[in-house]
Amino acid sequence: QQQQQQQQQQQKVAQQGASEGAPLVTSSSGSRGITMSTAAHDNYPSGPPGTGGIKGGAAAGGGKGMTHEQMTLGAEKLGEGAAAMYFTKHVLDTLPDHKLPEESSSGDVVYRHIKDMRMFDCNPRLNLASFLTTWMEEPAEKLILESLGMNHADSVVYKSTRDMENRCVAMLADLFHAKLEDQPQGCATIGSTEACLLGGLNLLKHWKAARRAAGKDTGSPNFVIGNHFQVCWEKFSRYWDIEMRAVPIKEGQYML
């Protein structure tokens, strides 16, 4: 009799979900039972993503969604994080485009939305045009995660950051045969583009100082570079009004 009452309750909930057009979550015998309504079924006629294409038969109450058993199987296969999105009303939510939403969303739901949105992006390991590290050893990734809460720009609070930065500058200076007594200068940057922009700006200031000392004009700077340059140098020339003169290269001659 108790089981019959539970089935009647599930049918009532499913009928309500079908009329409202929103997937609802129900429970049965302590397990996570989920019934998907018409609206959700239209989005995922072969089952929610990751369920292996489970076919949805007629749901309790005559809707087009999956049966209670099929949805329960799908929830167990996806895990609680995915079930929080794919088996509730949040499956119909969209990420905001122009303004903050009226209501908040759980971290699991937002995570699934962004993860799904990235599914059509390039695999970083296959991106041959990337100037980034596409693979790191596990200890390096662990160290990055442990450092996410640190403001590395605040060297007063995080003194070890400045110490590591100075060590890197000294190592790079040594590669260019600079002497420590010459006190080579450098700083950490967000990436290679910022490094090139700051290095180019330093050269521009030195060039202007030399021109002024010689009593010459500083209004028309230019720099010469091979036409196989990195795109950041176009930004450099545009930002500081410098004429870029690109010299063609040829096979067997890849530098000026």
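A salt bridge here is a side-chain nitrogen of Lys or Arg within 4 Å of a carboxyl oxygen of Asp or Glu. By that rule, the count comes to 2 salt bridges. Before looking at them, a word on the model itself. This is a predicted model, in which local features need pLDDT of at least 70 and side-chain atom pairs count only at pLDDT 80 or more, while totals for chains, interfaces and linings use all residues. Residues are numbered from 1 along each chain as its sequence is written, and side-chain values use heavy atoms, with hydrogens and water left out.

The pLDDT is the predictor's confidence in each residue, from 0 to 100. Its mean over the chain is 74, with 64% of the residues at 70 or more. Residues 17–64 fall below 50, although in the model this stretch has 119 contacts (heavy atoms within 4.5 Å) beyond near neighbours in sequence.

As for the overall layout, the chain has 9 helices and 4 strands. These are DSSP runs, numbered from the N terminus: H or I over at least four residues for helices, E over at least two for strands. Their order along the sequence is α-β-β-α-α-α-α-α-α-α-β-α-β. Of the contacts between residues at least 6 apart in sequence, 38% link residues at least 24 apart. Buried residues (under 20% relative accessible area, with exposed being over 50% and partly exposed in between, for a 1.4 Å probe and protein chains only) account for 22% of the 256 residues. The chain exposes about 18,900 Å², and 54% of that comes from carbon and sulfur atoms; accessible areas come from the Shrake-Rupley method with a 1.4 Å probe, and for residues only the protein chains shown count as cover.

Back to the salt bridges. One of them joins the side chains of Asp163 and Arg167, at 3.1 Å from N to O. The two residues sit 4 apart in helix 7, so about one helical turn separates them. Asp163 is partly exposed at 36% relative accessibility, whereas Arg167 is exposed at 53%. Another pairs the side chains of Arg245 and Glu243, also with 3.1 Å from N to O. Here Arg245 is partly exposed, at 41% relative accessible area, and Glu243 is partly exposed too, at 42%.

Helix 7 also holds Glu165. This residue is buried yet has no salt bridge, and the nearest side chain of opposite charge, Arg162, lies 4.0 Å away. For charge, Lys and Arg count as positive and Asp and Glu as negative, with His and the chain ends not counted. Setting aside neighbours within four places in sequence, Glu165 touches Gly186, Cys187 and Ala188.

On the surface, Met136, Ile144, Leu145 and Leu148 make up a nonpolar patch with about 400 Å² of accessible area together. Patches take residues with over 30% relative accessible area and no salt bridge, joining like charges within 9 Å and nonpolar side chains (Val, Leu, Ile, Met, Phe, Trp, Tyr) within 5 Å. Leu148 lies in the loop between helix 6 (138–146) and helix 7 (159–175), and is exposed at 62% relative accessible area.

Another loop, between helix 4 (80–86) and helix 5 (107–117), carries Thr94. Thr94 is exposed, with 68% relative accessible area. Its C-alpha atom is 9.5 Å from that of Val110, a residue 16 places away along the chain.
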